[in-house]
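The following exercises concern a single protein chain.

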Amino acid sequence: VFLRSPWLRQMVLVPLLPAIQFYHGSPINNYLSIAALYGLVAKNKSLHPFTRSIGAQASTLMMVQFPANFLLQFFGAAPGPIANLSRGLVFAFYIYCIALCAIAIIRGQ
């Protein structure tokens, strides 16, 4: 979508470019962004509870990706069936986490 629309690219991606460069600039920035999201959004009592719960769930999902990335790096050089199994397990894990978040949102928790 962004490649086909120069206007959309100019209005959305250009203002976000410093944040994207910071996020991908160093491996530690990923941890800093998770901590900032959790501390500034999820624990901020002045925000609406729905916004706080979305921030907490987003930071939790970001933390969940670390074991999955380790699994994919560990089994990345494995033979085809083992690599496919590890990718399938990671995909199932993400679907499970997203389903838990969706259920929590629907229930208002």
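**Exercise 1.** In which helix is the place of P6? Determine also whether P6 is buried or exposed.

*Solution.* The model is predicted, so local features need pLDDT of at least 70 and side-chain atom pairs count only at pLDDT 80 or more, while totals for chains, interfaces and linings use all residues. Residues are numbered from 1 along each chain as its sequence is written, and side-chain values use heavy atoms, with hydrogens and water left out.

Step 1. Helices are DSSP runs of H or I with at least four residues, strands are runs of E with at least two, and both are numbered from the N terminus. P6 has its place in helix α1.

Step 2. A residue is buried under 20% relative accessible area, exposed over 50%, and partly exposed in between (1.4 Å probe, protein chains only). P6 has a relative accessible area of 55% and is therefore exposed.

**Exercise 2.** How many helices and strands does the chain have? Describe its overall dimensions as well.

*Solution.* Step 1. The chain has four helices and zero strands; from the N terminus on, the order is α-α-α-α.

Step 1. The radius of gyration is taken over C-alpha atoms, and the globule rule is 2.2 Å times the number of residues to the power 0.38. For a compact globule of 109 residues the value would be near 13 Å, but the chain has 17 Å.

Step 2. Along the principal axes, the C-alpha trace spans about 50 × 40 × 30 Å. Buried residues account for 16% of the 109 residues.

**Exercise 3.** Which residues make the nonpolar surface patch of about 580 Å²?

*Solution.* Step 1. Patches consist of residues with over 30% relative accessible area and no salt bridge; like charges are joined within 9 Å, and nonpolar side chains (Val, Leu, Ile, Met, Phe, Trp, Tyr) within 5 Å. A salt bridge is a side-chain nitrogen of Lys or Arg within 4 Å of a carboxyl oxygen of Asp or Glu. Accessible areas come from the Shrake-Rupley method with a 1.4 Å probe; for residues, only the protein chains shown count as cover.

Step 1. The patch is made by W7, M11, V12, L16, L17 and I20.

Step 2. W7 lies in helix α1 (residues 6–25). Because its relative accessible area is 61%, W7 is exposed.

**Exercise 4.** Why does the span of helix α4 agree with expectation? Identify its buried residues and their cover.

*Solution.* Step 1. The expected span of a helix is 1.5 Å times one less than its number of residues. Helix α4 (residues 80–107) has 28 residues and should span 40 Å; its end C-alpha atoms are 41 Å apart, so the values agree.

Step 1. In α4, the residues A83, S86, V90, C97, C101 and A104 are buried. Their cover includes α3 (49–74).

Step 2. S86 has a relative accessible area of 4%. Contact means heavy atoms within 4.5 Å. Leaving aside neighbours within four places in sequence, S86 is in contact with L71, L72 and F75.

**Exercise 5.** What does F66 touch, not counting residues up to four places away in sequence?

*Solution.* Step 1. F66 has its place in helix α3. With a relative accessible area of 22%, F66 is partly exposed.

Step 1. F66 touches N30, Y31 and I34, with residues up to four places away in sequence not counted.

Step 2. The cover of the buried residues of α3 includes α2 (27–42) and α4.
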